[in-house]
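Subject: Structure handover

Dear colleague,

My notes on what was found in it follow directly after.

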Amino acid sequence: MDINIFGLKNKKILVVGGSGLIGLELSNFLNNLGAKVFNLDIRNNKKMNNNVKFIKFDVTKKNLIKNKLDNFFKKNGIPDCYVNCSYPVAKGLNKYNFKDISLNTIQSSLDVHLKTYIWLAKTIAEKMVKSKIKGSLVQFGSHYGVIGQNSDIYSGTKMSENMVYSAIKGGIISNTRQMAAHYGKHGIRVNCISPGGIEGHVKGKKFAQPKSFLKRYSLRTPLKRLAKKHEIAPSVAFLLSDASTYITGINLIIDGGWTSS
Ligand SMILES: NC(=O)c1ccc[n+]([C@@H]2O[C@H](COP(=O)([O-])OP(=O)(O)OC[C@H]3O[C@@H](n4cnc5c(N)ncnc54)[C@H](O)[C@@H]3O)[C@@H](O)[C@H]2O)c1
C-alpha cells in the first residue's frame, strides 16, 4: 500500500478557529505536512507558521459570512478539506451554570455555536458537491457531547459547569452523522473529533486551570492526566487524509479513556 495516503501535500484546507489552543497546533501541523492552510478566525495568532494564511472571519456575523466565503472561493477555489475548531461564545459566560443561566443565554449560545457549526459545514459541503470535490470535513464536538459534565471536578474552584455545552456538542455530533448520511453519495466524508479536557486556559476566564481541578480530573481519567494540546492534531489529519477514505459519520473521542470508565 502507498504510504503517501497519510500525506496532505498541497491539499487546500480551510480551518475555522485556527488561532485557538487546538487550532494553532492543528494549523501548523497540517501546514508542516505540506497542506495549504487557511485560518479563518476573529483573531490572528503570532505563533502561526508564516505560510498559513490568516483571514479575519466572524462566524456570528450572519450577513457578512456569505460575502466573505464567496470572496474566499473566488480567490482560492473550493477547499479539499474543512475543519471547524472555533469556540464562539455568547455574552455572559460567567452565568452559564444551572442556577444562573437564562433562556436568552441558552438561545444565543445555541445560535453562535451549534447553528454556526451546522450552517458553515453545510455551506462548504454544498460547494464541494457543485465542484465535484470528494472532500473531507471535520467538526469539533467534545466528550461532553456524549456524557454530562461532572460538576464535582469544579468544586472549590472558580470554574463551573456550562449548562448548555452538552446540548451544543451533542447536536454537532448528531449533525455530523446526518451530514455523513446525506453527502456520502457525493464521496464527501463528514466526521467529528471529540476531545476531553486539555491542559490550557479556562474558557472565558483570566486564570489557569486550578491545581485541585487538574488533580480531580486526572484521577477520574484512566490515563491519569489531561490531554496535551498537540495530541489532537494527528487524529484530525488522519480523518482529513486518504488514510481514512472509508470512514464517515464517526465521532472520534480523544479523552484518555474518560468515557470508557
Ligand atoms: N480545550 C478543551 O479542553 C476542549 C475540550 C473539548 C472540546 N473542545 C472543543 O474544541 C474546539 C477548540 O477549542 P479550543 O480549546 O481550541 O478553544 P479556544 O477558545 O482556544 O479557540 C477557539 C478559537 O475560536 C475562535 N473564535 C471564537 N469566536 C469566534 C467567532 N465568532 N468567529 C470565528 N472564530 C472565533 C477564537 O478566536 C479562537 O481562536 C471547540 O469547539 C471546543 O469546544 C475543547
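**Loop positions**

G200 sits in the loop that links β6 and α5 (211–220); helices (H or I, at least four residues) and strands (E, at least two) are DSSP runs, numbered from the N terminus. This is a predicted model, in which local features need pLDDT of at least 70 and side-chain atom pairs count only at pLDDT 80 or more, while totals for chains, interfaces and linings use all residues. Residues are numbered from 1 along each chain as its sequence is written, and side-chain values use heavy atoms, with hydrogens and water left out.

G200 has a relative accessible area of 28% and therefore counts as partly exposed. The classes are buried (under 20% relative accessible area), exposed (over 50%) and partly exposed (in between), with a 1.4 Å probe and protein chains only. Apart from neighbours within four places in sequence, G200 is in contact with L21 and Q209, where contact means heavy atoms within 4.5 Å. A227 is 27 residues from G200 in sequence, and their C-alpha atoms are 9.5 Å apart in space.

S86 belongs to the loop between β4 and α3. With a relative accessible area of 12%, S86 is buried. Its contacts, leaving aside neighbours within four places in sequence, are V16, G17, H113 and Y117.

Two lysines in loops have backbone angles to check. Most residues other than glycine have a negative phi. K132, in the loop between α3 and β5, is not a glycine and has a positive phi of about 55 degrees. K132 is also exposed, at 74% relative accessibility. K224 lies in the loop between α5 and α6 (233–240) and has a positive phi of about 60 degrees, again without being a glycine.

**The sheet**

The protein has 6 helices and 7 strands. Along the sequence they follow the pattern β-α-β-β-α-β-α-β-α-β-α-α-β. The 7 strands form an open sheet with parallel pairing, in the order β3-β2-β1-β4-β5-β6-β7; two strands pair if DSSP finds at least two bridges between them. At the edges are β3 (53–56) and β7 (251–254), each of which pairs on one side only. On average, neighbouring strands of this sheet are turned by 20 degrees against each other, direction ignored. Axes here are lines fitted to C-alpha atoms, for helices over the stretch in contact, and angles run from 0 to 180 degrees between N-to-C directions.

Strand β1 (residues 12–16) runs parallel to β4 and is joined to it by 4 bridges. In this pair, L14 stands opposite Y82 of β4.

How many residues of strand β5 (residues 136–140) are buried? The count is 5 of the 5, so β5 is largely enclosed by the rest of the structure. The cover is on both faces: S136, V138 and F140 are buried on one side, and L137 and Q139 on the other. In a regular strand the side chains alternate between the two faces of the sheet.

Strand β4 (residues 81–84) pairs with β5 in the parallel sense over 4 bridges, and C81 stands opposite S136. From β4 the chain crosses through helix α3 (residues 103–130) to β5, in a right-handed β-α-β crossover. Right-handed means that, with the strands pointing away from the viewer, the path from the first strand over the helix to the second runs clockwise.

R189 is the bridge partner of S136 in β6.

α3 lies across β1, β4 and β5, at about 175 degrees to β5. Helix α2 (residues 62–76) lies across β1, β2 (36–41) and β3, at about 165 degrees to β2.

**Overall figures**

The radius of gyration, taken over C-alpha atoms, is 18 Å. This agrees with a compact globule of 261 residues, for which a value near 18 Å would apply; the rule is 2.2 Å times the number of residues to the power 0.38. Buried residues make up 48% of the 261 residues. Among contacts with a separation of 6 or more, 72% are between residues 24 or more positions apart.

Regards
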